[in-house]
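Welcome! Take a moment to turn the model around on your screen before reading on.

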Amino acid sequence: MYLGEKNVALKVVMSLISSIILLTNTALASENELEKQVDLTRYKQDVSRLSSDQFGGRGPLSEGEKLTLDYLVNRFKAMGLQPGFGDSYLQPVPLAKVTPDKNISLKIGGISFENGRDFTVRTERMEKQIKLDKSELVFVGYGINAPEYGWNDYQGLDVKGKTVIILVNDPGFATQNPALFKGNAMTYYGRWTYKYEEAARQGAKAAFIVHETKPAAYGWSVVENSNSGSKFTLVDDDNQDKLALMGWIQKNVAMQIFAKVGLDYNKEKTKAEKRDFKARSLALKANLTLNNRIEKAKSYNVLALLPGRQRANEMVVLQAHWDHLGTVIDDKGNKHIYNGAVDNASGVAGVLALARLFKTMSVRQPFERSILFASFTAEETGLIGAQHFALNPPVPSKDVVAFLNIDGMNVNDEVSYILRYGEGVSTLEKDLAIAAKAQGRTVKGDPRPENGLLYRSDHFALAQQGIPGLLFMSLGDTDPDYIAHKYHTSQDDFSSSWSLGGVKQDLGLIGSILAKLANNNDWPKWIEASDFKKRRAEDGR
């Protein structure tokens with residue numbers, strides 16, 4: 001071997017040793033030191049500020065959005081992070097704000113139902129007025145068309161221009177039969193988003209989902225609060241592919257409607273749980289006029305970049321949605337501010353905390369891959385900011401390694417476990433288990449799989465583009481009162497009594513996974529057969 005060759009060989013060996021040391025040191029820092037370095041004082045300041053009344057509940061296209069964007073951009077600039085969307089920290093998201101007239105009633109079979117108390121209805125279409133004029137009412141069971149489960153509630157049915165009534169969740173939950181769909185665990189077919197999408201594909205003009213608290217996983221107040229005020233939608237060719245009217249009705253309303261034609265709602269619901277169910281016309285007509293005020297404007301995702309050293313084109317994303325439900329004036333003129341302290345100012349503050357730490361770490365030793373610290377808009381309206389990002393990422397979707405999503409943190413004491421949403425979904429579950437073990441914790445399966453949380457936050461929009469992700473959420477797991485009295489209500493406020501032990505603990509865990517992904521060559525894989533897996537395979541990952 002010539003001397004020159006020896007020198008080259010030595011350089012290669014030294015480079016490999018350096019890489020091993022780098023990975024080892026990063027792992028140690030992320031697993032043993034990150035938790036200790038979390039600045040809870042600054043974290044508390046961020047949560048308190050973002051969820052203050054001054055920010056008005058952080059509603060998209062409101063003054064609260066302007067305050068939120070300024071706050072986040074200034075924080076990222078002060079850290080020294082680069083803009084994540086070209087030369088800007090802001091990614092425009094074309095939104096339409098649709099505000100319905102509250103003075104509406106739904107009339108079916110001579111019975112008038114009251115808006116808010118009995119039903120809610122909204123639209124994502126750019127239409128100032130939408131009418132149901134003697135629209136035929138059809139009961140379509142669970143409203144599911146799922147070939148892989150051998151299930152089609154629309155088989156041989158023509159619902160074009162009609163109004164369909166749909167049961168919430170899916171037959172697996174209703175029967176608790178593990179051989180039917182996924183039993184107690186909700187599938188995407190049980191989500192209200194799917195039901196509206198499928199009704200639109202079938203040509204229906206309107207769809208009303210029957211609300212029942214247990215299968216829906218939340219009370220009527222959540223439905224009313226989430227659907228009675230202004231809602232947002234992506235502007236896309238006036239959204240004519242969307243369902244004209246998207247509604248909910250109380251169970252007692254459904255019972256009245258069925259009784260009007262001599263049917264027992266509970267008996268018909270039981271029939272819908274069977275594979276041989278046949279949809280049926282209810283021989284009634286629905287009448288409703290919805291007037292809307294439409295305002296088109298741009299909301300924004302916030303993106304801050306920590307460039308990678310060797311593989312800057314490969315990106316790991318850490319995100320928490322910044323929006324909540326804003327400010328609502330009720331029928332009596334009372335103002336209610338939905339501050340969303342846990343959901344999701346707590347998550348946004350977590351992203352800021354890890355961004356500070358990782359920027360400091362990168363000064364000593366840059367990460368191999370780029371890390372994008374992000375906060376999306378309009379999650380509460382249907383993952384809109386995430387959908388826009390997923391379709392318009394700063395790098396091709398095939399180069400997005402993974403997506404870590406924080407949607408509500410454990411602001412109380414430490415716990416001995418970390419929650420895992422979904423099982424056998426992707427190889428990221430192994431990373432989660434390793435990080436938990438390093439902290440002396442166990443992995444606990446979703447305690448409420450029937451709620452379908454795997455499909456209800458921003459990571460799902462990225463999954464639809466083939467990007468694997470993990471959801472970190474603690475909405476009520478350590479606070480039993482949260483879901484019952486605070487979730488999506490004006491009671492989700494910051495409290496100086498929070499111990500934040502869980503925040504410190506979980507940020508250490510999330511940080512360890514983020515550091516690992518940013519420094520290794522792994523490409524997380526989908527395990528479960530799905531459209532997500534097919535999409536990733538199409539991208540060659």
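Asp 446 counts as buried, because its relative accessible area is 16%, under the 20% cut-off. Please keep in mind that this is a predicted model. You will find Asp 446 in the loop that runs between β20 (442-445) and α13 (459-463). Not counting residues up to four places away in sequence, Asp 446 touches Arg 420 and Tyr 421. A polar atom of the Asp 446 side chain also lies 2.9 Å from the backbone nitrogen of Arg 448.

Now move to another loop, the one between α5 (192-201) and β10 (206-211), where Gln 202 lies. Is Gln 202 buried or exposed? With a relative accessibility of 19%, Gln 202 counts as buried, since the limit is under 20%. Its side chain makes a polar contact of 2.8 Å with the side chain of Glu 198. Leaving aside neighbours within four places in sequence, Gln 202 is in contact with Asn 145, Tyr 154, Val 159 and Lys 160.

| Residue | Relative accessible area | Polar partner and distance |
|---|---|---|
| Gln 202 | 19% | side chain of Glu 198, 2.8 Å |

In soluble globular proteins, nonpolar side chains tend to be buried together. The largest nonpolar core here has 95 residues, and Phe 76, Val 164, Phe 358 and Phe 373 have the most contacts inside it. Helix α10 (residues 341-364) gives the most to this core, with 13 residues. Phe 358 touches Leu 34, Leu 306, Phe 367, Ile 371, Phe 373, Gly 511, Leu 514 and Ala 515, not counting residues up to four places away in sequence. Apart from this core lies another, of 63 residues, including Phe 181, Tyr 265, Ala 272 and Leu 303.

Finally, look for the second largest pocket, which holds about 450 Å³ of space. Its lining is made up of 27 residues, and Ser 230, Leu 325, Gly 326, Thr 327 and Val 328 lie nearest its centre. Elements giving two or more residues to this lining include α3 (63-79), β2 (90-100) and α7 (220-227). Which element gives the most to the lining? That is β15, with four residues. By class, the lining has six nonpolar, 14 polar and seven charged residues.

Conventions: Residues are numbered from 1 along each chain as its sequence is written. This is a predicted model: local features need pLDDT of at least 70, side-chain atom pairs count only at pLDDT 80 or more; totals for chains, interfaces and linings use all residues. Side-chain values use heavy atoms; hydrogens and water are left out. On a 1 Å grid over the protein atoms alone, a cavity is a set of points where a 1.4 Å probe fits but cannot get out, and a pocket is an open set with protein on both sides within 12 Å along at least five of seven lines; lining residues have an atom within 4 Å of a point. Grid points are joined across faces, edges and corners, and a volume is the space filled by probe spheres set on the points. Ala, Val, Leu, Ile, Met, Phe, Trp, Tyr, Cys and Pro count as nonpolar, Asp, Glu, Lys and Arg as charged, and the others, Gly among them, as polar. A nonpolar core is a set of buried Ala, Val, Leu, Ile, Met, Phe, Trp, Tyr and Cys residues joined through side-chain atoms within 4.5 Å. Buried means under 20% relative accessible area, exposed over 50%, partly exposed in between (1.4 Å probe, protein chains only). Contact means heavy atoms within 4.5 Å. A polar contact is a pair of N or O atoms within 3.5 Å; within protein, one must be able to donate a hydrogen and the other to accept it, and residues adjacent in sequence count only if both atoms are side-chain atoms.
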